[in-house]
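Here is a short report for a first look. Please have the sequence and the model at hand as you read.

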Amino acid sequence: METKKLIELLGEKLSSFIVKADKMPNNDLLILIKKESLLSVMDTLKNDLELKFNVLMNHLGVDYTESFAVIYNLYSFKLKKKVTVKAYMEHENPEVDSIESVFKGVNWFERETYDLLGIRFRGHSNLKRLLLPSDWEGHPLRKDYIYPEEYNGLILKREENCK
Amino acid sequence: MTEFALEEMILNMGPHHPSTHGVLRFIVRTDGEMMLRATPDVGFLHRGIEKIAELMPYESFMPYTDRIDYLSSLNCNLGYALTVERLAGIEAPEKAEYLRVIGAELTRIGSHLIAVGALLLDLGAVTPFVHALRERETYNSLMEMLCGARLTHHYVRIGGVAFDAPDGFIEKALSFVNHLEYEFLDEFNKLISFNSILIKRLANVGIITPEKALEFTLVGPNLRGSGIKFDLRKDEPYSIYDRFDFEIPSGSGKFGVQGDAYDRYWVRIEEIKQSCRIVRQAINQMPEHGEIKTKISKPFKIPAGEIYVRTECPRGELGFYLISAGGKTPYRLKIRTGSFSAMTIIEELSEGVMVADLVAIIGSLDVVAPEIDR
Amino acid sequence: MYSLADIIYRRMTETFGASDFLEPLFTIVSYLLPCIAILGIVSLISGALTLLERKISADIQNRIGPNRVGPFGIFQFIVDGVKLLLKEDIIPDAADKKLFRLAPYIVFSSTVLAVIVIPFGGPFIVADLNIGLLFIVVVSSLVVVGFMMSGWASNNKWALLGGIRSAAQIISYEIPVALSLLTVALITGTFSMQEIVKQQGLYPWQWFILHNPFTFIAFFIYFVSSLAEINRLPFDFPEAESELVSGYNTEYSGMRFGFFFVAEFANIFVSAALAAAVFLGGGNIGIDPYNSPLGYKLLMALVFFAKALSLCLVTIWVRWTLPRLRIDHMMSLCWKYFIPISVFCLVLTAAWLVAFKGNSVFWRIAG
C-alpha cells in the first residue's frame, strides 16, 4: 500500500484526532495527535479491521526542553506498514494515559520512560523505576538533568575531560 | 482448628547465579520445587547508552553499539549505521553492503551457537556447549581476520565498512559455513537435539501462543518459535537482503505444542543453516573490487528529522529511533532490543512451573542482560 | 579364614601366641590396619577418578584436560587436594555451626564404611560380614543424613533445596537398588560378599548378570538407580549447578568441601565395585582365592579393578553426554517404572529358581 493511501485511510478513520500527518525519511508515516486522544487512537489503530496495527514495535519518550513527547511505533501485519504516533505534552508534570489496556506489552516500555524521563502514565499497573535503583533521584534522560556527585556514599563525579 | 497454610519461600535468583546469563535477578516465590511467580529485576548493567549517545558525535557512538549486545555486536553496528545513513541520505557502496551481510550473518551464527549452547548448559549438558564453542572459535578467528576484534567488532562504519576482506578470508568463511551446515549441525543434532531427555525437558515447557507472543511484543526467533513467520530480512528487506534466497524457519510443535521451548531452540538451529546459505550466496555474488566506504562530510552533521529503523538481530528486532536536531550529536536515540521484550514475558510464563523449568525458559528465550539494560 | 582382618588376626596369634590378655588388642589391630589401608586406597581411587573424569571429559569435549602437573597431568589430583587443604575454611555466620562441621564427615564416613565389605578380589576384603550386601545398602543410605544436615545447617535456601532434593532422591532410589541386589541374594542364598563372588566364575555365562533374564534387567536397574544414588548426571539434582548454584555444598569451602568431593568420587567407585562384585563375577577367576600363590591373588584383584573401573568409565561417559532430567521426571521414573520392574524381577527370579531348580540359563556350559 502506498503511504499516500494510508494517509487517506487513516484520515478517514481518525479524522477527529490527527493534528498532523507527515512522512518520515524512510517513507514511514508519522501522525501527531493530542495526548488526550492517545488511548482512543491506539484502540482504533489496533482493533480496526482495515488497519490492524497490532504490533507495538517501540515506545519512547523525548524531552524537547519546552515540552515532552511520547512516541509509539506500530506495525500492521495486514498492511505491512509502520506508523509512528506522537503526542506532545507540557513540560511541567508530564502525564499521559497509559496504553497498557490496549497493548499489554507496553508495560516495561512505559516503566522505562517513567524511569529515565519522568513521564507519568495514568492507569499503569506497576509504575515503578525499572533500570535505576528505586531511591535514585532525578530522571537522567531529561536535558536539564544534573549528574549527581554522590549516590549512597559512592562518588559519581564525572571528570571534565570525559565530555 | 488450625489450617494448613503453604509456606512460601522467596528465593533470590541472581544477580550472581549460573543460569541468568549475565547480571540478572529474579525474585522467585516458590512452594518447594514449584514456582508461584518469578519477578525479574533488571538494571544491573544499565550504562545509560542512550544518554551517552546524546553526548557523542554520530561516528563516535559506533563502538558503544558493540556493547548493546556483546554476542552480536556487528549486527548492532549495522543497525545503527543503517539508521544514521537513512536519515542522512547516504548510500553504502555495494561491496560494503556485501561485507556487512557476510559479517552480520557470521555473527548471527556465532550468537546462535552461544544461545543453543548456553541453553543446553543450563539443562546440564556440558559437552554440546563446548562443541558449540569450538565452532564459535572458528567464527571468532574469522572476525579477527576481518576486523581485528574477536568480540566487540566495530567493523561497520557510517557509509560502509572499516576494512576490505583480507586474503584468505573468503575461503576460510566458505569452509566454515560448509562445515557448519553439512557436518557440524548433523553431528550436533545427533548428539543432543533428538535426545529424549532434552525433548522431555524442553517440549511443552514455556508455551507461548502466537497471540501472547504478539501481545508481549516478542521479536525474532522467539516470535518465530511461536509459529509466526516474520523476519525483517524477508518482510522488510534492509541492506541487500532481498538478493538472497533463504527460508524463515518457524515453530511447528515438533515434539510438543507450538511455541514451546523446544520450538524456540529448533528455530535457532535452523536459522544457523539459513545464515550459512546467505553467507555462501553473498560470497558468490560479492564483487571482487570496489569501494568499501562512502566519504562522509566532516564534521558529520545530519539534517533535522526523525526515523525509526529496525533490523533483524540474532535476538530479534533491534530498532533505533533517532531524532536529529541538525547538530553533530543525536538529539535522542532510543534503542529497542529483543531481550527487553523477552524479559517481560518471563514473569507470565513462570507461574506454576518448576525451578528447573524457569532455567529452561530463560535459556530458550535467549536473554542477554546488557541488551535489556543498555 | 575369609577376610584380611581374620588373616591378620591369625598371623598375630601365631607370632605372639594366643592369650586372653592380648586378645582384644589383636582384634582391634587386625581391624584397624586394613581400615587405615582402605582409607588410603579409597582416597587414592577417588583422586584417580577425578583425574580420569577430567581427562575423559576433556576427550569428549575436544579439549586437552589437565597436563601441567607431572606427565600427562597425572599428579593434578594431588595438587588439587593440597589446594583444598590450604584454602580458607569459611563457616557462614548464620550457619548451625556444629551440624555444619559434622555433615562432611558423615557423608565421607558412610561412603568409606561401605568399602569395608567390598571384595577387592582374592582374600582382599576388610571384613566379610555375613550381612555384607545389606550392610552396604544400609550404610550408603546414611549419606542422605549428611546431605540433609549440610543443606539445613548452611542456612542457605539453595543448600536447603539441594538437601531436600537429595533426601527425596536417595531415599526413593534406595528401593530399586536394594530390590535389584536382592534378586542376586535370592540366587546365592547368602549376603556374604565373598560367598556371592565365589558362586560366580571366570566366564561371563557364570556371572549373575546372565543367570536369568530377570537378573539381566536387574543389573541395568541397579546401574541406573545407582547413578541417582550417587548424584551423577542425569540425576545430579542435589547439586544441579545451573538451578541450585551448587546445591547442598554451596556454602562449603576448603577441605570440608573436599570431603564432599572425595566422597562423591568414592561413591562412584563403591557403586561400580558393588555392581562388579554382585553382577559381574568380581575378582573370581575360577581359582580358590585363599590357597593360591600371591601372583594369582593379585591377578584376581586386577580383574576386579578392571571390571569396577570400566563401570566407572561408563558412569563418567554418561555424565558428559546426557542433559539433566527434571525432578518430577526423575521421581516418576523411580516410582512408576523402576520399583515395579524390580519387584517383578525379584518375584520372577524366585519363580525361575523354583522352576529350574536354581540353574542358570547357561547351566549346561556353566556347569
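The text below takes up one whole chain, then one residue of another chain.

This is a predicted model: local features need pLDDT of at least 70, side-chain atom pairs count only at pLDDT 80 or more, and totals for chains, interfaces and linings use all residues. Residues are numbered from 1 along each chain as its sequence is written, while chains are lettered from A and ligands numbered from 1 in the order in which they are written.

Chain C has 14 helices and zero strands. Helices (H or I, at least four residues) and strands (E, at least two) are DSSP runs, numbered from the N terminus. Chain C has a radius of gyration of 21 Å, which agrees with the value near 21 Å for a compact globule of 367 residues. That radius is taken over C-alpha atoms, and the globule rule is 2.2 Å times the number of residues to the power 0.38.

| Property of chain C | Value |
|---|---|
| Span of the C-alpha trace along its principal axes | about 60 × 55 × 45 Å |
| Buried residues, of 367 residues | 49% |
| Contacts joining residues at least 24 apart, among those at least 6 apart in sequence | 79% |

A residue is buried if 20 or more other C-beta atoms lie within 10 Å of its own, exposed if 12 or fewer, and partly exposed in between; C-beta atoms are placed from the backbone. Two residues are in contact if those C-beta atoms lie within 7 Å.

Now to chain B. B:Phe300 lies in the loop between helix 11 (261–285) and strand 6 (305–313). B:Phe300 is partly exposed, because it has 16 other C-beta atoms within 10 Å. Neighbours within four places in sequence aside, B:Phe300 is in contact with B:Pro57, B:Tyr58, B:Glu59 and B:Lys328. B:Glu270 is 30 residues from B:Phe300 in sequence and 41 Å away in space, C-alpha to C-alpha.
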